[in-house]
Amino acid sequence: MLKGANTGTPATMRKVSWSVARLYRWMLLAPALFLAAFFVFPIIRVVLRSFSDPAWGLQNYERIMAGGPYLQVLLATIQTAATVTALCLLLAYPVAYVMSRLSGSLLQIAAACVIIPLWTSAVIRSYAWMVVFQRKGILNEALIGAGVLDDAIRFLPGSFAVHVGMVHIMLPFMILPLLANMRAIDRSLLRAAEIMGANPLVAFAKVYFPLSMPGVSAGVALVFMMSLGFFITPALLGGPQHLMAAVLIEQQANVILDWGLASSLATVLLVVTGAMYVVYMRLTGNATGNLKGAL
Amino acid sequence: MWGRALLAGLAGLILLYLILPMLVVVPLSFSGQSYLSFPPQSWSLKWYGTMADNPLWLEATINSLLIGIPTALISVAFGTLAALGIVRGNIPRAGLISAAMVAPMMMPHVILAIGLYPVMLELGLLRTHVAAIIGHSVIGIPLVFITVSAAVTGYNGALELAAMTMGANPWQTFWKVTFPMIRVGMLIGGILAFATSFDELMLSLFLTGAATRTLPRLIWEQLADYLTPTIAAVATLVFVFTLVLLAIVSLLQIRRGRAMAGQHG
């Protein structure tokens with residue numbers, strides 16, 4: 001009955017190990033087929049359609065490259081993603097630095113402030129910013145109340161609101177990799193630098209900051225990549241003044257029904273995001289490890 | 001010393017910015033006024049009443065559950081199979097294959113949405129729950145893959161080998177050895193997949209119809225027309241619900257952390 005119970009020799013172990021590994025590999029089949037059918041195949045169709053709708057050729061790409069509004073939106077998307085990434089780094093670095101030195105309940109409160117927004121719906125968060133930024137909203141009332149403004153500013157739709165909303169969504173994705181990195185930095189190195197005569201600022205610039213670079217580059221690549229595909233925030237807060245690629249693609253496909261152009265814009269977005277994904281993987285070395293903290 | 005206080009104050013302000021939206025939405029949902037003034041001059045529960053009077057909200061919530069729960073189950077099944085296959089299968093270039101498994105989560109949803117639309121149209125599934133379940137599972141599988149991979153990597157594969165050399169068949173080995181080690185990871189991944197589906201908008205915009213629209217899609221449609229505090233009431237309830245899910249996940253993670261520490265100690 002218990003076949004092989006007495007033959008657990010290294011040779012049997014190896015043989016079982018080999019056949020077990022083969023068994024495990026078969027498990028990949030079902031998810032691989034599912035993702036091939038509903039992830040890879042649809043995307044290949046998008047790419048093909050960009051060259052074939054309404055006729056085979058490069059006409060969709062020529063329309064983008066002609067320098068009209070489409071190219072402008074793509075460039076604005078990259079620019080917005082870059083600005084959002086820079087702002088996130090600027091805000092996340094001090095937060096992660098302070099958090100890396102906290103412990104106990106203060107750390108738990110700070111961590112809750114970072115994690116709870118991650119779990120809050122992006123639609124709901126954009127709605128909240130609409131309440132803040134509207135003509136008779138909190139911000140205008142506060143600025144007028146403080147005597148800074150005489151008359152309400154029109155924030156919506158606008159670039160300022162888009163940036164505030166996008167940075168809000170991406171900030172946790174910058175704080176978490178930085179925090180993971182900073183908690184592993186050996187702080188006695190800083191003390192050593194100070195004992196050797198470096199003032200705290202020099203010690204920070206020459207010792208701490210270079211050691212935090214792996215966290216910085218992982219966070220920057222992740223935030224930039226994810227910012228490229230934003231839809232909800234620019235659609236609700238940006239309007240026609242601040243179009244981004246995903247909003248334009250949705251309009252072209254859902255409203256204007258120009259699927260050829262939508263597919264070619266999506267292909268461009270796919271290539272840029274894919275390139276960033278490769279960079280991100282190179283920087284972090286693995287797909288799963290660095291995101292665990294965010295989940 | 002001053003520098004340190006300044007830095008802590010700055011970090012506090014940035015953390016406040018992170019929770020500000022909910023500090024606005026929750027009080028607004030109890031407002032007594034019919035416009036979005038903040039802070040509200042008077043308090044009432046009337047927006048929760050308005051929400052309850054509109055059957056669309058309940059309908060959309062049911063749709064979101066009818067899509068989210070099957071999405072979580074499919075994601076757990078396929079994500080777990082993929083994690084076991086890659087980690088225990090000694091796959092060559094496992095890093096590359098893992099990166100491909102996680103890719104659906106990283107890609108802008110709009111690309112997947114315009115890709116799945118014609119596929120679902122041809123399959124005759126467009127505007128059904130099934131279309132949204134399939135679309136959301138594509139994004140949910142990577143989440144389960146990540147949490148279960150972490151669990152599988154966390155213990156020695158020799159345990160399963162030992163069970164099999166002692167005569168357990170693969171089925172017994174899975175239920176007696178593997179499953180107890182990874183079930184928390186599967187549960188956390190499943191909750192994450194559910195929460196992601198519950199919050200997803202883009203795929204729902206393309207794949208659901210008037211009868212199958214999800215809660216985020218209904219909020220989205222209502223936002224365009226009426227910016228009333230009713231949405232704040234809905235948002236507050238959704239927020240409380242996701243907080244409960246987050247609390248469950250945090251408790252599970254703490255327990256798993258203790259279990260792991262116990263093993264090593």
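Predicted model: local features only at pLDDT ≥ 70, side-chain atom pairs only at ≥ 80, totals over all residues.
Visitor: Where should I start with confidence, and what overall scores does the model have?

Guide: Start with the whole, then go chain by chain. The model scores ipTM 0.90 and pTM 0.90. Chain A has an average pLDDT of 87, with 91% of its residues scoring at least 70. For chain B the average is 90, and 97% of the residues score at least 70.

Visitor: Which stretches of chain A have pLDDT under 50?

Guide: Residues 1-8 of chain A stay under 50, and the model has eleven contacts for them beyond four places in sequence. Residues 289-295 of chain A are also below 50, with 17 contacts beyond near neighbours in sequence.

Visitor: And in chain B, which elements have the lowest and the highest mean pLDDT?

Guide: Helix 11 (residues 229-264) of chain B has the lowest, at 84, while helix 5 (residues 109-123) of chain B has the highest, at 96.

Visitor: Now the fold. How many helices and strands does chain A have?

Guide: Chain A has 13 helices and zero strands. Chain B has eleven helices and, again, zero strands.

Visitor: How does the radius of gyration of chain A read against the globule rule?

Guide: The idea is to set the value beside what the rule gives for the chain's length. For the 295 residues of chain A the globule rule gives 19 Å, and the radius of gyration is 25 Å, well over that, so chain A is more spread out than a compact globule. Along the principal axes, its C-alpha atoms fill a box of roughly 90 × 70 × 35 Å. The C-alpha trace of chain B spans about 70 × 65 × 30 Å.

Visitor: What share of the residues count as buried in each chain?

Guide: In chain A, 45% of the 295 residues count as buried; in chain B, 47% of the 265 residues do.

Visitor: Could you show me burial within one element? How many residues of helix 6 of chain A are buried?

Guide: Twelve of the twelve, so helix 6 of chain A is largely enclosed by the rest of the structure. Among its buried residues are Arg125(A), Tyr127(A), Trp129(A) and Phe133(A). This helix covers residues 122-133 and reaches 16 Å from its first C-alpha to its last, close to the 16 Å expected.

Visitor: And for contrast, where is Leu149(A) found?

Guide: Leu149(A) is in the loop between helix 7 (138-145) and helix 8 (159-183) of chain A. With 14 C-beta neighbours inside 10 Å, Leu149(A) counts as partly exposed, because a buried residue needs 20 or more. Beyond four places in sequence, Leu149(A) is in contact with Leu143(A) and Ile144(A).

Visitor: Which residues touch the most other members of the largest nonpolar core?

Guide: Met170(A), Leu265(A) and Ile114(B) do, in a core of 170 residues. Helix 8 of chain A gives the most to this core, with 16 residues. Setting aside neighbours within four places in sequence, Met170(A) is in contact with Val84(A), Cys88(A), Val223(A), Met226(A) and Ser227(A).

Visitor: Last, the interface. How many residues of each chain are in contact with the other?

Guide: Count each side separately: 79 residues of chain A are in contact with 77 residues of chain B. The chain A side divides into 58 nonpolar, 14 polar and seven charged residues.

Notes
Residues numbered from 1 in each chain as written. Chains lettered and ligands numbered in written order. Helix = DSSP H or I, 4+ residues; strand = E, 2+ residues; numbered from the N terminus. Expected span 1.5 Å × (residues − 1). Contact = placed C-beta atoms within 7 Å. Nonpolar A, V, L, I, M, F, W, Y, C, P; charged D, E, K, R; others polar. Rg over C-alpha atoms; globule rule 2.2 N^0.38 Å. pLDDT = per-residue confidence, 0-100. Core = buried A, V, L, I, M, F, W, Y, C linked by C-beta atoms within 7 Å.
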